[in-house]
Amino acid sequence: MEQLQRTLEEQLDENMLRATVSGTRHGDIADKIKIHPVRLKGELYFQTVISDGKKEFHKNYLPENMKKQIVDWLLTDYKQMQMDTTTSSVSVLVSKKGKATVKIRKLMKQRQAAVLTHNRKKRYILEEGTAVPFLVDLGVMTKEGKIIQARYDKFRQINRFLEFVEDILPQLDTDRELTIIDFGCGKSYLTFAMYYYLHVLKGRNIRITGLDLKEDVIENCSNLAEKYGYEKLEFLMGDIASYDGAERVDMVVTLHACDTATDYALQKAVQWGAKVILSVPCCQHELNRQIKSELMEPVLKYGLIRERMASLLTDAFRANLLEEQGYQVQVLEFIDMEHTPKNILIRGVRKEGASVCENEKLRECMNAWNARPILDELFKGRTR
């Protein structure tokens with residue numbers, strides 16, 4: 001851990017802008033810890049922000065205590081950290097045996113230092129007050145960078161999604177061009193946000209393809225990408241199940257692909273050996289028609305309850321099936337419940353050297369519900 005400790009000594013000062021500790025090693029802790037510098041009574045502290053999904057909890061550390069706490073977290077509870085300073089971006093990945101891999105990328109242009117105040121206002125990756133071209137054109141921001149009140153939920157959703165992307169940055173290679181596919185991209189708020197964050201803000205060498213069936217949507221998004229000069233962002237018409245435009249894909253994103261379209265996207269991702277999968281499912285009808293349980297009939301006889309149970313079971317089975325394929329999987333809350341009921345995000349990160357391993361308990365569970373998910377059939381090479 002000497003390299004990590006040396007890096008913290010060099011980077012954890014008032015020029016540090018933000019850091020995120022993530023990648024949980026066990027399930028009884030917060031998904032991530034955010035850190036930023038604050039100044040209290042003229043003295044430098046580092047404030048941590050931890051959320052339980054409803055409230056945020058803050059704690060302030062003196063620099064030396066913060067360094068020790070970060071090392072402790074990375075040895076016991078978490079396995080990665082992403083840090084941004086005014087001059088560099090730092091990625092840390094710690095193995096199960098406690099070996100730390102630290103990558104530091106120097107910036108060509110220095111970032112502006114943070115104004116250090118004790119301000120608990122929510123901090124976003126895309127900050128209000130700085131006009132972002134695609135957010136202006138998509139009607140989320142004014143030309144002055146002010147968030148349009150009626151679109152504030154969309155602004156929060158975009159930033160929440162970018163937080164998930166930020167978490168997996170240490171998993172992605174930095175020495176080559178990365179290929180990202182966004183299935184069912186729609187109006188592409190999040191596709192543009194992903195490109196802007198990874199390429200413009202982070203300087204990553206990426207190529208993103210957005211895929212959708214609507215011709216007018218694809219045409220509009222293509223025109224916007226050309227307008228912004230996003231040369232490696234393209235939009236194509238196509239069906240998820242039959243898409244064969246790439247041989248190697250590093251990350252697959254599927255946002256609100258309806259019903260089994262999500263399953264075809266997940267199968268494609270696994271087939272490519274994608275390192276990262278981010279999937280927000282939608283409209284899960286398949287199991288609603290299948291599930292049957294004499295024991296659970298008092299619950300399933302109510303149509304609304306049956307629909308929600310089917311949706312939850314669908315996503316739980318998807319997560320387990322991805323684990324069988326060698327992915328470390330988390331089921332996370334995308335945005336708050338009051339904004340949309342479609343608030344589950346399945347995040348899968350491919351484990352190094354992992355092989356396919358069938359889970360007998362999963363099979364027993366699916367049989368108990370009379371469930372035959374199409375994703376299981378696709379992984380076994382069968383189609384209906």
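Predicted model: local features only at pLDDT ≥ 70, side-chain atom pairs only at ≥ 80, totals over all residues.
Which residues have the most contacts inside the largest nonpolar core? Residues are numbered from 1 along each chain as its sequence is written, and side-chain values use heavy atoms, with hydrogens and water left out.

**View 1. The largest nonpolar core and a second, separate one.** Leu-126, Phe-134, Phe-161 and Phe-192 have the most contacts inside the largest core, which has 52 residues; such a core is a set of buried Ala, Val, Leu, Ile, Met, Phe, Trp, Tyr and Cys residues joined through side-chain atoms within 4.5 Å, where buried means under 20% relative accessible area with a 1.4 Å probe, protein chains only. Helix α5 (residues 189-201) supplies nine residues, the largest share of this core; helices (H or I, at least four residues) and strands (E, at least two) are DSSP runs, numbered from the N terminus. A second, separate core of 34 residues includes Trp-272, Ile-291, Ala-371 and Phe-379.

**View 2. The surroundings of Phe-161.** Leaving aside neighbours within four places in sequence, Phe-161 is in contact (heavy atoms within 4.5 Å) with Leu-190, Met-194, Val-253, Leu-255, Leu-278 and Phe-334.

**View 3. Helix α9, residues 303-324.** The 22 residues of α9 reach 31 Å from the first C-alpha to the last, close to the 32 Å expected at 1.5 Å a residue, the expected span being 1.5 Å times one less than the number of residues. Among the buried residues of α9 are Arg-306, Asp-315, Phe-317 and Leu-321. Gly-326, which follows α9, has a positive phi, near 100 degrees.

**View 4. The largest cavity.** About 120 Å³ of space lies in this cavity, which on a 1 Å grid over the protein atoms alone is a set of points where a 1.4 Å probe fits but cannot get out, with lining residues having an atom within 4 Å of a point; the volume is the space filled by probe spheres set on the points, which are joined across faces, edges and corners. Its lining includes Ser-22, Lys-79, Asp-167, Gln-328 and Arg-347, and β1 (16-24), β5, α4 (152-168), β13 (327-333) and β14 each supply at least two of the lining residues.

How values were computed. Buried < 20%, exposed > 50% of the residue type's maximum accessible area, 1.4 Å probe, protein only. 1 Å grid on protein atoms, 1.4 Å probe; cavity = no way out; pocket = protein on both sides within 12 Å on 5 of 7 lines; lining within 4 Å.
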